[in-house]
Amino acid sequence: MALTGIQIFKLLPKTNCGECGFPTCLAFAMALAAGKAELEKCPTISAEAKEQLSEASAPPIRTVSIGTGEYEVKLGGETVMFRHEKTFFNKPGLALLITDKMDPPEVERRLGSLSLLQYERVGLNLRPELVAIKDEGNKERFLAIVKQAASTPYGLILISLNPGLMKEALELSKEKKPLIYAATAENADAMAALAKEYGCPLALKGDGIAGLIALSEKLAGLGIKDLILDSGSRTIKEAFSDQIVIRRAALQARVKPLGFPTITLPCEMTDDLITETLIASLFVAKYAGLIVLSDFAGENVFPLLLERLNIYTDPQRPMTTDQGIYPINNPDASSPVLVTCNFSLTYFIVSGEIENSRVPTWLCVMDTEGLSVMTAWAAGKFVADTVGPFIKKSGIAEKVSHKKLIIPGYAAGILGDLEEELPGWEITVGPREAAHIPAFLKNR
Ligand code: SF4
């Protein structure tokens, strides 16, 4: 069970030295209990207390990593059932299935698709991260594909129930710390030995939730800590229900054998890629750690990446862009000046439309704590009293030879007051919708 702030306080040094960034040990203890501080910030805590607290403050779902380097995927570490309670931390990894029945050109195409299907959005690179290589009886092809995939930067899932073949595959890919899939009731001892020998995470495939718990307990008893759970269900209803049961059991009932990320395989639930994508979208929302798809195409990967981005952003913290002046299309002293808020989506939509217009422009982005223009205006954060001082201090007046400012159409109500705040400036109300910006700039 998680410790309360007072229980944590009893284990702290109680010197109130402030080195953790909190004025007192009690304040630090309360922050730690609320998950808003890290234990490492207290440099004087005893090793014994640290061990007790580390155990108690560990998330009920273990964090497990697959892969190395820039494509390392972290799974689990979740603490809530619903994202609005706090946030979800580690987004599910998307894996592309490759089997040993596929010929070399098809394998080449599939591996190539991972580098093609990458998208820039709100300053982030959205991309799938993993390849799942499945043994379907052709040993030579399986090992050849493992070797080929190991030379790519992507994370690997090795799918085989044969411990002997898995060992050969691990020899070819051990540097990448692949996920071993899967330990079952029949091969658990041998697969556990491989996971230990190569230091890799191990997926276990149970026969329903009860079987999963029994297998998880067995593997924990064998000293395997990094587990990924597959309940074995392959119908949509059962697999979806299992995800919820596992999450609820881990978080609310603290069923330790279920306190691990999960793997789902929509690729084994239907033959239709669009249906498969719909199934995958369920697992993005609830509560897969890994999702294996039978193929990647723009029309199935992009919506899933976007859904994943939306679900795995902190709902209590809007995405923001840094306050500042952004030159777009190489502006000069005569270029127009626009001002907007620092809600990331607004910034990227507005800057994108200015780019589309090809009109050299200065875009002044004001810190509104991530609120959109209308919300910031309603909250008193995008009003003449704030926009005026921001423009004066921003330094834009030194970059242009005119004093003309364009404000968003949704902030038209601040026009009169802003003219008083910025004497000598000519204020123009721009379009309400970003899509109308190109025509507005061209027609000026
Ligand atoms: Fe207390 Fe440790 Fe923080 Fe110092 S650093 S105030 S001892 S919790």
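Biologist: Why is P431 called buried?

Modeller: P431 has a relative accessible area of 18%, and buried means under 20%, with over 50% called exposed and the range in between partly exposed (1.4 Å probe, protein chains only); P431 is therefore counted as buried. Please keep in mind that this is a predicted model, in which local features need pLDDT of at least 70 and side-chain atom pairs count only at pLDDT 80 or more, whereas totals for chains, interfaces and linings use all residues. Residues are numbered from 1 along each chain as its sequence is written, and side-chain values use heavy atoms, with hydrogens and water left out.

Biologist: Where does P431 lie, and what does P431 touch?

Modeller: P431 lies in the loop between β17 and α17 (437–443), where helices (H or I, at least four residues) and strands (E, at least two) are DSSP runs numbered from the N terminus. Not counting residues up to four places away in sequence, P431 touches P408, G409, H436, I437 and F440, a contact being heavy atoms within 4.5 Å. A210, by comparison, is 221 residues from P431 in sequence and 60 Å from it in space, C-alpha to C-alpha.

Biologist: What makes N187 a buried residue?

Modeller: The relative accessible area of N187 is 8%, so N187 too is classed as buried. N187 is found in the loop between β8 (179–183) and α7 (188–198), and, leaving aside neighbours within four places in sequence, N187 is in contact with L161, P163 and A182. For the protein as a whole, buried residues make up 49% of the 444 residues.

Biologist: Which strands stand at the edges of the sheet of eight strands, and what is its order?

Modeller: The order of this open sheet is β10-β9-β8-β7-β6-β3-β12-β11, with parallel pairing, and two strands count as paired if DSSP finds at least two bridges between them. β10 and β11 (263–264) each have a single partner strand, so one side of each is left without a neighbour in the sheet. Strand β9 (residues 202–205) and β10 pair over four bridges in the parallel sense; L202 stands opposite L227, and A203 opposite I228. Helix α4 (residues 104–116) packs on the sheet, touching β3 (93–99) and β6 (130–134), and its direction makes about 170° with that of β3.

Biologist: Which way do the residues of β10 point?

Modeller: L227 and L229 point one way from strand β10 and I228 and D230 the other way, and all are buried. In a regular strand the side chains alternate between the two faces of the sheet.

Biologist: How do you know that α5 is roughly parallel to α6?

Modeller: The axes of α5 (residues 139–150) and α6 (residues 163–173) come within 9 Å and cross at roughly 25°. Angles under 35 degrees count as roughly parallel, over 145 as roughly antiparallel, 65 to 115 as roughly perpendicular and the rest as oblique, so α5 is roughly parallel to α6. Axes are lines fitted to C-alpha atoms, for helices over the stretch in contact, and angles run from 0 to 180 degrees between N-to-C directions.

Biologist: Which residues of α5 and α6 meet?

Modeller: K139, F142, L143, V146, K147 and A150 in α5 meet L165, E168, A169, L172 and S173 in α6. They divide into seven nonpolar, one polar and three charged, with Ala, Val, Leu, Ile, Met, Phe, Trp, Tyr, Cys and Pro counted as nonpolar, Asp, Glu, Lys and Arg as charged, and the others, Gly among them, as polar. α5 also lies across β3, β6 and β7 (155–159), running at about 170° to β6.

Biologist: What is the order of the five strands in the other open sheet?

Modeller: The order is β13-β15-β14-β16-β17, and the pairing is mixed. β13 (324–328) and β17 (426–429) each have a single partner strand, so these two stand at the edges. Strands β14 (residues 337–341) and β16 (residues 404–407) run parallel and are joined by two bridges, with V337 opposite L405. Helix α12 (residues 344–357) packs on this sheet, touching β13, β14 and β15 (361–366), and makes about 175° with the direction of β15. Helix α14 (residues 384–394) packs on the sheet as well, touching β13, β14, β15 and β16, at about 125° to β15.
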